[in-house]
Amino acid sequence: MKEIGNTIKKIRIKQGLSQEQIAKSLGVSANYISLIENGAKKPGMPLLKKISKEYDFPILILAKDILIPHGKTRNDKIVRKKLNDIVSEFETMLLADEKNA
């Protein structure tokens, strides 16, 4: 759960926004954004969709914990690891500091 909060925080910082500013643009409280960023709350798909649209960020990365299967078989675990690796690499590229791009 903290991973999604870290991603949202990185998006916010890259945009140069405070928690209050991003909260206002998304129609939630700054306290709620703080709870998400610190891993105490998990945002639902409607909020993830708003973030994706408002900040032009792929929903797949924001919702990867929801969208990537959590199966128990060895094959499910292999698929999950590969998908997570691909999504994490893409996320790193998107959130890279522009100096390093």
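**Entry 1: Pro-43**

Leaving aside residues up to four places away in sequence, Pro-43 touches Ile-4, Ile-8, Tyr-32, Ile-36 and Leu-48; a contact means heavy atoms within 4.5 Å. I found Pro-43 in the loop between α3 and α4 (45–54). Helices here are DSSP runs (H or I, at least four residues), strands likewise (E, at least two), and the numbering starts from the N terminus. Is Pro-43 buried or exposed? Pro-43 is buried, because its relative accessible area is 3%. The cut-offs are under 20% for buried and over 50% for exposed, with partly exposed in between (1.4 Å probe, protein chains only). I also noted that Pro-43 and Asn-75 are 32 residues apart in sequence and 29 Å apart in space, C-alpha to C-alpha.

**Entry 2: basis of the values**

I recorded that residues are numbered from 1 along each chain as its sequence is written, and that side-chain values use heavy atoms, with hydrogens and water left out. As the model is predicted, local features need pLDDT of at least 70 and side-chain atom pairs count only at pLDDT 80 or more, whereas totals for chains, interfaces and linings use all residues.

**Entry 3: overall form**

I counted 7 helices and 0 strands in the protein, and the pattern along the sequence reads α-α-α-α-α-α-α. The C-alpha trace spans about 45 × 30 × 20 Å along its principal axes. The protein has 101 residues, of which 30% count as buried. I then took the contacts between residues at least 6 apart in sequence: 55% of these join residues at least 24 apart. The protein exposes about 6,700 Å², and carbon and sulfur atoms supply 55% of that area. Accessible areas come from the Shrake-Rupley method with a 1.4 Å probe; for residues, only the protein chains shown count as cover.

**Entry 4: salt bridges**

How many salt bridges does the structure hold? I found 2 salt bridges, each defined as a side-chain nitrogen of Lys or Arg within 4 Å of a carboxyl oxygen of Asp or Glu.

In one of them, the side chains of Arg-12 and Glu-37 meet at 2.7 Å, N to O. This pair links distant parts of the chain, with Arg-12 in helix α1 and Glu-37 in helix α3 (residues 30–37), 25 residues apart. Arg-12 and Glu-37 are both buried.

Lys-81 forms a salt bridge with Asp-85, and their closest N and O atoms are 2.9 Å apart. Both residues lie in helix α7 (residues 74–95), 4 residues apart, which is about one turn of the helix. Lys-81 counts as exposed because its relative accessibility is 52%. Asp-85, at 39% relative accessible area, is partly exposed.

**Entry 5: Leu-60 and its patch**

I looked next at a nonpolar patch on the surface, formed by Leu-60, Ile-66 and Leu-67, with about 260 Å² of accessible area together. Patches are made of residues with over 30% relative accessible area and no salt bridge; like charges are joined within 9 Å and nonpolar side chains (Val, Leu, Ile, Met, Phe, Trp, Tyr) within 5 Å. Leu-60 belongs to helix α5 (residues 59–62). Its relative accessible area is 43%, so Leu-60 is partly exposed.

**Entry 6: Gln-15**

Where is Gln-15 placed? I located Gln-15 in the loop between α1 (2–14) and α2 (19–26). Gln-15 is partly exposed, with a relative accessible area of 43%. Gln-15 and Glu-91 are 76 residues apart in sequence and 15 Å apart in space, C-alpha to C-alpha.
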